[in-house]
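Subject: Structure handover

Hi there,

Here is the structure I promised to pass on to you. Have a look at it first, and then read on for what turned up.

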Amino acid sequence: MIVRYVKARDTWPLRHQVLRPHQALEDCDYPNDRNPESFHLGAFEKDRLIAVGSFYKEGNALLPGWSQWRLRGMAVVPEFRSRKVGSALLTFALDQLQAKGVDLLWCHARETAQRFYRMHGFVTHGARFPIEGIGDHFVMHRKP
């Protein structure tokens, strides 16, 4: 398996399959995807894209930190879960963010993903909240 940079549009099919199957593919085009500072990662098994994650310079006023980035659209093909694919992608991203001097990475985590993020040093901030059409989430964050 290898982790490398990909284009935003390359993440859409996997975002759609894993995160938003009941929505249109175009709903996987997130507002910060084309921001010049954003970056997108893909994990590949041979030539197959098996995980994606996008990283945006985006602050959250509820959290501390002067250089905050957001993780969004983290998705792993179901048959590759529990094989450390997501961990490899997140570790690669954390190295990149640390090199940029980022002091906080945050995300909206689905309830089912909280354990994964906790294993990687994230903590929960605040209460559960709904995202319409997707389900309950939590704000989670960590230092790179």
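This is a predicted model: local features need pLDDT of at least 70, side-chain atom pairs count only at pLDDT 80 or more; totals for chains, interfaces and linings use all residues.

**Salt bridges**

Aspartate 29 has a charged partner: arginine 34 forms a salt bridge with aspartate 29, and the closest N and O atoms are 2.9 Å apart. Arginine 34 itself counts as exposed, at 60% relative accessibility.

Another brings together the side chains of lysine 57 and glutamate 37, at 4.0 Å from N to O. Here the loop between strand 3 and strand 4 holds lysine 57, and the loop between helix 1 and strand 2 holds glutamate 37, so parts 20 residues apart in sequence are tied together. Lysine 57 is partly exposed at 45% relative accessibility, and glutamate 37 is partly exposed at 41%.

**Serine 38**

The loop between helix 1 and strand 2 is also the place of serine 38. Serine 38 has a relative accessible area of 12%, so it is buried, the cut-off being under 20%. Its side chain reaches the backbone oxygen of asparagine 32 at 2.8 Å. Leaving aside residues up to four places away in sequence, serine 38 touches Asn32, Asp33, Phe55, Tyr56 and Trp69.

**Aromatic pairs**

Across the whole structure, a search finds six aromatic pairs. Phenylalanine 39 and tryptophan 69 make a tilted one, 5.8 Å centre to centre with 45 degrees between the planes. This pair links distant parts of the chain, as phenylalanine 39 lies in strand 2 and tryptophan 69 in strand 4, 30 residues apart. Phenylalanine 39 and tryptophan 69 are both buried. Phenylalanine 116 and tyrosine 117 have ring centres 5.2 Å apart and planes at 75 degrees, so that pair is edge-to-face. Phenylalanine 116 is partly exposed at 22% relative accessibility, whereas tyrosine 117 is buried, with a relative accessible area of 6%. Ring pairs also link Tyr5, Phe39, Phe55, Trp69 and Phe92 into a cluster.

**The core and helix 2**

The largest nonpolar core has 34 residues, and those with the most contacts inside it are Phe55, Leu71, Leu89, Leu105 and Tyr117. Elements giving two or more residues to this core include helix 1, strand 4 and strand 7. Helix 2 provides the largest share, six residues.

Helix 2 has 15 residues and reaches 22 Å from its first C-alpha to its last, close to the expected 21 Å. Its buried residues are Val85, Gly86, Ser87, Leu89, Leu90, Ala93, Leu94 and Leu97. Leucine 89 has contacts beyond four places in sequence, among them Val3, Leu41, Ala51, Phe55 and Met74. After helix 2 comes glycine 101, whose phi is positive, near 80 degrees.

Methods. Residues are numbered from 1 along each chain as its sequence is written. Side-chain values use heavy atoms; hydrogens and water are left out. A nonpolar core is a set of buried Ala, Val, Leu, Ile, Met, Phe, Trp, Tyr and Cys residues joined through side-chain atoms within 4.5 Å. Buried means under 20% relative accessible area, exposed over 50%, partly exposed in between (1.4 Å probe, protein chains only). Helices (H or I, at least four residues) and strands (E, at least two) are DSSP runs, numbered from the N terminus. Contact means heavy atoms within 4.5 Å. The expected span of a helix is 1.5 Å times one less than its number of residues. A polar contact is a pair of N or O atoms within 3.5 Å; within protein, one must be able to donate a hydrogen and the other to accept it, and residues adjacent in sequence count only if both atoms are side-chain atoms. Rings of Phe, Tyr and Trp (its six-membered ring) pair if their centres lie within 6.5 Å; planes under 30 degrees apart count as stacked, over 60 as edge-to-face and the rest as tilted.
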